[in-house]
Amino acid sequence: MASLDELWGKLKAATDSKSLLKKNLTEEIYNELKDKKTGCGGTLAECIRSGCENTDSGTGIYASDPEAYDTFGAVLMPVLRDYHKVAEVSHPACNFGDIDNIGFGNLDPDNQFIVSTRVRVGRSHKSFGFPPTCNKEDRIKMEEMCKAALDSLEGEHKGTYFPLVGMSDDVKQQLTADHFLFNDKDRFLKAAGGYDDWPHGRGIFHNPDKTFLIWVNEEDHLRIISMQMGGDLGAVYTRLVKGIQKMSEKLEFAHHDKLGFLTFCPTNLGTTLRASVHIKIPKLAATPEFKEFCDKYNIQARGSIHGEHTESVGGVYDISNKRRLGLSEYDALMEMKAGVEAVIAEEKRLS
C-alpha cells in the first residue's frame with residue numbers, strides 16, 4: 001500500500017486531474033495535515049488514498065471517521081464548499097416536517113410519467129469509524145447492533161435480514177433480480193477501503209412488500225431506503241421517516257453541529273437525503289436545454305435503472321434533489337417535488 005508521501009507525489013504529478021482534492025489540497029495544507037491523526041487513528045493518507053490512486057475522481061476524498069471532518073477540515077471544508085456550492089458550511093437542525101399531515105401524495109396520479117419513487121438516507125454509528133478505520137470485529141459488531149434494532153421493527157417496517165456471509169444462491173438471485181444486492185466492484189470505493197473484510201459484517205434487510213429496505217455496511221454503516229412503484233412521494237417519504245425514527249430509538253448516529261448527519265463521503269452530508277423518481281420524459285430529455293432546466297430547479301438527472309454514469313433506456317431518467325447540505329430534510333424533499341412537477345409540466349407542454 002502506497003505511503004502518504006507516495007500518494008501525494010501521484011496527486012502532484014496528475015496535472016490533468018480535475019478533482020476537488022487536487023484543487024484544494026495545497027502544499028501548505030498538506031504539510032499542515034500530514035502528521036495529524038483522529039481519535040480513531042484516521043490519517044490523511046486514508047482520506048486521500050482513493051483520489052490519489054484514481055486521479056480521474058470528481059471529488060477524490062473521503063472521511064476516515066466522523067472526527068476527520070474536524071481534524072482534516074483544512075482540506076475537507078473547502079471541498080464541501082465547492083461541492084455543495086455554499087459560501088460557508090452550515091446546516092440547520094433536523095426537520096422532517098409534519099409527517100402525519102404531509103400535505104401531498106401522488107405526483108402522477110394517472111401513472112403517465114413516474115415509474116417508481118424512492119427516498120433514502122445514509123446514517124453512521126456515532127461510536128465507530130468509517131471503512132478505512134474499521135476492522136472486521138467492528139463491522140461484525142455494527143451488524144449485530146443493526147440486527148437488534150431491525151428485530152424491533154413492527155408493522156410495515158418489519159422484515160427479514162439477509163447477511164452476505166453464507167447467503168444462498170437462491171437469495172442472491174432474488175436480491176439481484178430486485179436490484180437490491182450491492183457488490184464490491186467500484187474502484188473508487190475500493191481504493192478508499194470501502195470493501196475491506198468483504199463480505200463480513202454486511203447484509204440487506206427488507207420488508208415482505210419490498211418497500212422498506214436497509215443496507216448494512218455497504219458504503220455507509222446504514223442506508224435506509226423507502227420505495228414503491230408509481231408516484232406516491234407522500235407515502236414513500238412518510239414510511240422512510242417513521243423507519244428512521246424507529247431505528248433512532250435503538251441506535252445513536254454520528255452528527256455534527258455544522259454538517260448535520262455524517263457519512264463516509266463528503267458529497268453526502270447534512271440531510272444525506274436523496275429523493276428520486278424514475279420518470280419517462282423522452283421529449284424534455286431530447287432538448288439541448290435539459291441539463292439547464294434541471295439545474296434551474298436544483299435537481300439532477302441520471303440514466304435510469306442502471307444507476308449513475310449510465311445512459312437512459314426508453315427515455316426513462318432518474319431525477320433527484322441535488323442539494324443535501326444547508327437545508328432541512330423537508331425542504332430538500334419539497335425542492336425535489338417542485339422539480340419533478342416542473343419536469344412533468346414541461347414534458348406535457350412538449351408533447
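UniProt, in an unreviewed entry, lists residues 3–85 as "domain: Phosphagen kinase N-terminal". In this predicted model, that span is 58% helix and 0% strand, and its end C-alpha atoms lie 32 Å apart.

**Domain division**
- The chain is divided into domain 1 (4–84), domain 2 (115–270) and domain 3 (276–350).
- Between the C-alpha centres of domain 1 and domain 3 the separation is 31 Å.

**Valine 121**
- Valine 121 belongs to strand S1, which covers residues 114–123.
- Valine 121 counts as buried because its relative accessibility is 0%, and the cut-off for burial is under 20%.
- Not counting residues up to four places away in sequence, valine 121 touches Leu222, Arg223, Ile224, Leu240, Ile244, Thr271, Thr272 and Leu273.
- Although valine 121 and glutamate 329 are 208 residues apart along the chain, their C-alpha atoms are separated by 9.8 Å.

**Nonpolar cores**
- The largest nonpolar core holds 51 residues, of which Val119, Ile214, Tyr237, Met247, Ile279, Ile319 and Val340 touch the most other members.
- At least three residues of this core come from each of domain 2 (115–270) and domain 3 (276–350).
- Another core, of 39 residues, lies apart from this one and includes Leu21, Ala45, Cys47 and Leu259.

**Isoleucine 319**
- With neighbours within four places in sequence left aside, isoleucine 319 is in contact with Ala275, Ser276, Val277, Ile279, Ile281, Phe290, Cys294, Ile299, Gln300, Ala301 and Val340.
- Among these contacts of isoleucine 319 are Ile279 and Val340, which are also listed with Ile319 among the core residues that touch the most other members.

Conventions: Residues numbered from 1 in each chain as written. Predicted model: local features only at pLDDT ≥ 70, side-chain atom pairs only at ≥ 80, totals over all residues. Heavy atoms only, no water. UniProt positions renumbered as here; feature names shortened; annotations may be inferred. Helix = DSSP H or I, 4+ residues; strand = E, 2+ residues; numbered from the N terminus. Domains from an automatic or database assignment. Buried < 20%, exposed > 50% of the residue type's maximum accessible area, 1.4 Å probe, protein only. Contact = heavy atoms within 4.5 Å. Core = buried A, V, L, I, M, F, W, Y, C linked by side-chain atoms within 4.5 Å.
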